[in-house]
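Here are my notes for you on this model. Keep the structure open as you go through the points.

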Amino acid sequence: MVYARDDTDGEPSVTVRCQDNSCVGVTFRDRFSLDADSMHYAVELWAPGLTARVEEVVVWNRGSGLVPFLEGLAADYRGWDGERSWQTDDRDLAVSAAFRSGGYVGLSWALRPWPKRAGGWRASVTTWVEAGEQLASLAAEIRHFLLMRTVHDRG
């Protein structure tokens with residue numbers, strides 16, 4: 001399985017594992033919302049010798065988010081030329097996608113907290129998934145994760 005919803009600790013999360021190497025992946029977890037206009041969540045990347053986490057990625061509910069990006073990739077399961085990309089408004093999470101012969105999509109996940117400050121860092125991993133149904137299922141899992149509403153005060 002390339003991705004999985006991890007509810008083992010009672011908190012929703014989504015993990016994407018690379019089909020070619022299950023030691024490479026990304027996890028979305030620790031989501032919360034302070035209002036109806038945004039969702040906040042943590043993103044973790046890992047690979048042999050690498051672990052990176054951004055504590056608070058913010059996605060705004062404006063219709064041009066990660067879910068529509070993934071759904072568009074899944075709809076084009078027959079492939080495309082070049083690279084497609086998406087990033088958060090703050091540019092702390094970016095995803096680029098490339099189609100590979102044989103029906104696979106490489107999703108390169110990049111974390112870059114504080115992109116405008118000195119001393120920042122950047123880390124990325126690439127997960128390979130099957131185009132079409134697996135990518136559509138991943139988009140549905142991310143949609144479920146991001147759109148479930150639990151508005152609360154972090155105070």
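1. Start with helix α2, residues 133-147. This helix lies across β8 and β9 and runs at about 125° to β9. Angles here run from 0 to 180 degrees between N-to-C directions, with axes as lines fitted to C-alpha atoms, for helices over the stretch in contact. Helices (H or I, at least four residues) and strands (E, at least two) are DSSP runs, numbered from the N terminus.

2. A word on the source. This is a predicted model, in which local features need pLDDT of at least 70 and side-chain atom pairs count only at pLDDT 80 or more, while totals for chains, interfaces and linings use all residues. Residues are numbered from 1 along each chain as its sequence is written, and side-chain values use heavy atoms, with hydrogens and water left out.

3. Now the sheet behind that helix. β8 and β9 belong to an open sheet of four strands, in the order β6-β7-β8-β9, with antiparallel pairing. Two strands pair if DSSP finds at least two bridges between them. The edge strands, β6 (83-87) and β9 (123-130), each pair on one side only. On average, neighbouring strands are turned by 20° against each other, direction ignored.

4. Look at one pair of strands. β6 and β7 (residues 93-100) are antiparallel and share five bridges. Within this pair, E83 stands opposite A98 in β7. Helix α1 (residues 66-75) packs on the sheet and touches β6, β7 and β8 (104-111). The direction of α1 makes about 165° with that of β6.

5. Which elements make up the whole protein? There are two helices and nine strands. From the N terminus on, the order is β-β-β-β-β-α-β-β-β-β-α. The protein has 155 residues, and 44% of them count as buried. Buried means under 20% relative accessible area, exposed over 50%, and partly exposed in between (1.4 Å probe, protein chains only).

6. Check the cysteines. A disulfide is a pair of cysteine sulfur atoms within 2.5 Å. By this rule the protein has zero disulfides. For C18, the nearest cysteine sulfur is that of C23, 9.8 Å away. C18 is buried, at 6% relative accessibility. C23 is partly exposed, with a relative accessible area of 44%.

7. Is V58 buried or exposed? V58 is buried, with a relative accessible area of 11%. Its place is in strand β5 (residues 50-60). Leaving out residues up to four places away in sequence, V58 touches S38, M39, H40, T88 and D90. A contact means heavy atoms within 4.5 Å. V58 and R91 are 33 residues apart along the chain, and their C-alpha atoms are separated by 9.8 Å.

8. Two phi angles deserve a look. Most residues other than glycine have a negative phi. R91 has a positive value, near 65°. This residue sits in the loop between β6 and β7 and is partly exposed, at 33%. D30 also has a positive phi, near 55°. D30 lies in strand β3 (residues 25-32) and is partly exposed, at 35%.

9. Last, confidence. pLDDT is the predictor's confidence in each residue, from 0 to 100. The average is 86, and 85% of the residues score at least 70. Over residues 150-155 the pLDDT is below 50. Beyond near neighbours in sequence, this stretch has twelve contacts in the model. Where pLDDT is low, the predicted coordinates should not be read in detail.
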